[in-house]
Amino acid sequence: MSDEKKLAIIATKGSLDWAYPPFILASTAAALGYDTEIFFTFYGLVLLKKKLNLQVTSLGNPAMPMPMPVPVIMQSMPGMQSMMSSMMKKKMKSKGVASVEVLRDSCIEAEV
């Protein structure tokens, strides 16, 4: 029996809010010595594109906290998705969380 620690992660969605978990988990596990792999489903493949233009999916995530009560109809208005994506990127940066691109590069460097 092998003592090698292994971890498999499945990336199922290609949106900004769903891009962080697989890359954070994978880069952390690799740093801790795990042999780590990420499996990208059809919708997750977008995370492998050279140039990322990821957006938040508030309409697909009813548990997402909003800074104020925002009715669903307002979330579907033009420009709201871009505004919310920008807000999330700023919040993550202010909390010291690396960008998705940096996390992805860290995973590649760690041979995930």
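This is a predicted model: local features need pLDDT of at least 70, side-chain atom pairs count only at pLDDT 80 or more; totals for chains, interfaces and linings use all residues.

User: How do you know that the span of helix H3 agrees with its number of residues?

Analyst: Helix H3 runs over residues 80–94, which is 15 residues. At 1.5 Å a residue these should span 21 Å, and the end C-alpha atoms are 21 Å apart, so the two agree.

User: What makes one side of H3 the buried one?

Analyst: Met80, Met84, Ser85, Met88 and Met92 are buried in H3. They cover an arc of only 130 degrees around the axis, so they are on the same side of H3. An α-helix has 3.6 residues a turn, so residues three or four places apart point the same way. Lys90, Lys93 and Ser94, on the other side of H3, are exposed.

User: What do the buried residues of H1 pack against?

Analyst: They pack against strand E1 (6–11), strand E2 (35–40), H3 and helix H4 (100–109). Among these buried residues are Leu16, Tyr20, Phe23 and Ala26.

User: Why is Ser106 called partly exposed?

Analyst: Buried means under 20% relative accessible area and exposed means over 50%. Ser106 has 32% relative accessibility, so Ser106 counts as partly exposed. This residue lies in helix H4.

User: How far apart are Ser106 and Ala26 in sequence and in space?

Analyst: Ser106 and Ala26 are 80 residues apart in sequence, and 9.2 Å apart in space from C-alpha to C-alpha.

Note on methods
Residues are numbered from 1 along each chain as its sequence is written. Side-chain values use heavy atoms; hydrogens and water are left out. Helices (H or I, at least four residues) and strands (E, at least two) are DSSP runs, numbered from the N terminus. The expected span of a helix is 1.5 Å times one less than its number of residues. Buried means under 20% relative accessible area, exposed over 50%, partly exposed in between (1.4 Å probe, protein chains only). The arc is that of the directions from the helix axis to the C-beta atoms. Contact means heavy atoms within 4.5 Å.
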